[in-house]
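Have the viewer open as you read.

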Amino acid sequence: MLNTMLAFLKPKSTVPDEYRKELILNTILGFCFLMIFLFLAMVSYDELQGVSYIGLGSFLLVASPFAIAYYFSRKGRVRLASYIVIAIFSFGLLYSAYCWGVILPTVLLGIAFISTCTSLLINSRAGFIYAIASSAVIFGIYLMHATGMHSPDYSWTSIAPDAMDIAEYSILILLISGISWLSNRQTESALNRARASEKDLKAERDGLELKVIERTKALEYAQIEKTTEMYRFVEFGKLSAGLIHDLMSPL
């Protein structure tokens with residue numbers, strides 16, 4: 001079971017930065033599929049009891065975009081899959097803000113979570129743009145509520161939070177911290193690999209410098225030996241010329 005889950009989450013990319021993004025995306029999708037499975041069990045139970053809040057077909061229709069995102073992720077289209085996941089969550093959060101008000105804690109925590117995911121899955125600039133755009137949309141929804149264009153359902157404000165609400169908020173907080181930790185872990189691993197490579201390159205460079213010094217000394221020694229040998233030949237030539245001159249004089 002564990003090996004199946006790891007195979008489900010394991011990225012296929014070999015590029016470090018793409019590997020990190022794919023791992024984060026697959027982790028998010030894995031958690032979504034887990035929640036979908038649990039909710040599907042609840043919906044199926046409600047169907048059997050005859051108390052269904054949403055139809056099973058409608059639920060599967062809502063869950064299908066996550067399967068599409070996972071398909072694109074497995075095909076190497078990580079950026080496209082990331083946009084799909086961001087769009088799914090954004091639509092759900094903004095719809096919740098429209099129906100139940102912009103002060104709904106789930107909406108605020110959810111937007112913070114998607115803004116963090118956008119920075120990690122796309123880039124920091126995209127995350128900043130998403131934060132500005134989502135804030136503008138939230139403000140627009142607030143104006144619609146304030147001017148009476150739409151009246152949200154604030155009945156939840158008069159109900160004390162139950163265990164399900166606390167679990168929902170806790171899950172969102174854990175997701176934000178968990179995704180950030182996962183990204184930082186991958187970044188630190190990449191930095192450690194870079195430091196190890198730099199250390200190996202430095203050791204190799206020092207070894208090459210030592211070899212160059214030894215080779216230079218060997219060449220200098222060989223040059224000195226050659227010069228000495230040539231000097232000996234010159235002296236031998238002078239001595240030979242002197243002997244020949246001394247022998248030729250009596251003759």
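Start with how the chain connects to itself: among contacts in the protein with a separation of 6 or more, 65% are between residues 24 or more positions apart. Keep in mind that this is a predicted model. Of its 251 residues, 25% count as buried. The accessible surface comes to about 17400 Å², with 69% of that belonging to carbon and sulfur atoms.

Leu-34, Met-35, Phe-37, Leu-38 and Ile-171 make a nonpolar surface patch of about 440 Å². Helix H2 (residues 16–49) gives the most to this patch, with four residues. Met-35 is found in H2, and it counts as partly exposed because its relative accessibility is 32%, between the 20% and 50% cut-offs.

Next up is helix H4 (residues 78–100). How far apart are its end C-alpha atoms? They are 33 Å apart, which agrees with the 33 Å that 23 residues should span at 1.5 Å a residue. The buried residues of H4 include Val-78, Ala-81, Ser-82, Val-85, Ile-86, Leu-93 and Cys-99.

Leu-93 leads on to Thr-106, which touches Leu-93, Glu-168, Tyr-169 and Leu-172, leaving aside residues up to four places away in sequence. Thr-106 lies in helix H5 (residues 105–121). Is Thr-106 buried or exposed? It is buried, because its relative accessible area of 15% is under 20%.

Ser-170 lies in helix H7 (residues 163–248). A polar atom of the Ser-170 side chain lies 2.8 Å from the backbone oxygen of Ile-166. Ser-170 and Leu-109 are 61 residues apart in sequence, yet their C-alpha atoms are 9.9 Å apart in space.

| Residue | Relative accessibility | Class |
|---|---|---|
| Met-35 | 32% | partly exposed |
| Thr-106 | 15% | buried |
| Ser-170 | 34% | partly exposed |

Conventions:
Residues are numbered from 1 along each chain as its sequence is written. This is a predicted model: local features need pLDDT of at least 70, side-chain atom pairs count only at pLDDT 80 or more; totals for chains, interfaces and linings use all residues. Side-chain values use heavy atoms; hydrogens and water are left out. Patches are made of residues with over 30% relative accessible area and no salt bridge: like charges are joined within 9 Å, nonpolar side chains (Val, Leu, Ile, Met, Phe, Trp, Tyr) within 5 Å. Accessible areas come from the Shrake-Rupley method with a 1.4 Å probe; for residues, only the protein chains shown count as cover. A salt bridge is a side-chain nitrogen of Lys or Arg within 4 Å of a carboxyl oxygen of Asp or Glu. Helices (H or I, at least four residues) and strands (E, at least two) are DSSP runs, numbered from the N terminus. Buried means under 20% relative accessible area, exposed over 50%, partly exposed in between (1.4 Å probe, protein chains only). The expected span of a helix is 1.5 Å times one less than its number of residues. Contact means heavy atoms within 4.5 Å. A polar contact is a pair of N or O atoms within 3.5 Å; within protein, one must be able to donate a hydrogen and the other to accept it, and residues adjacent in sequence count only if both atoms are side-chain atoms.
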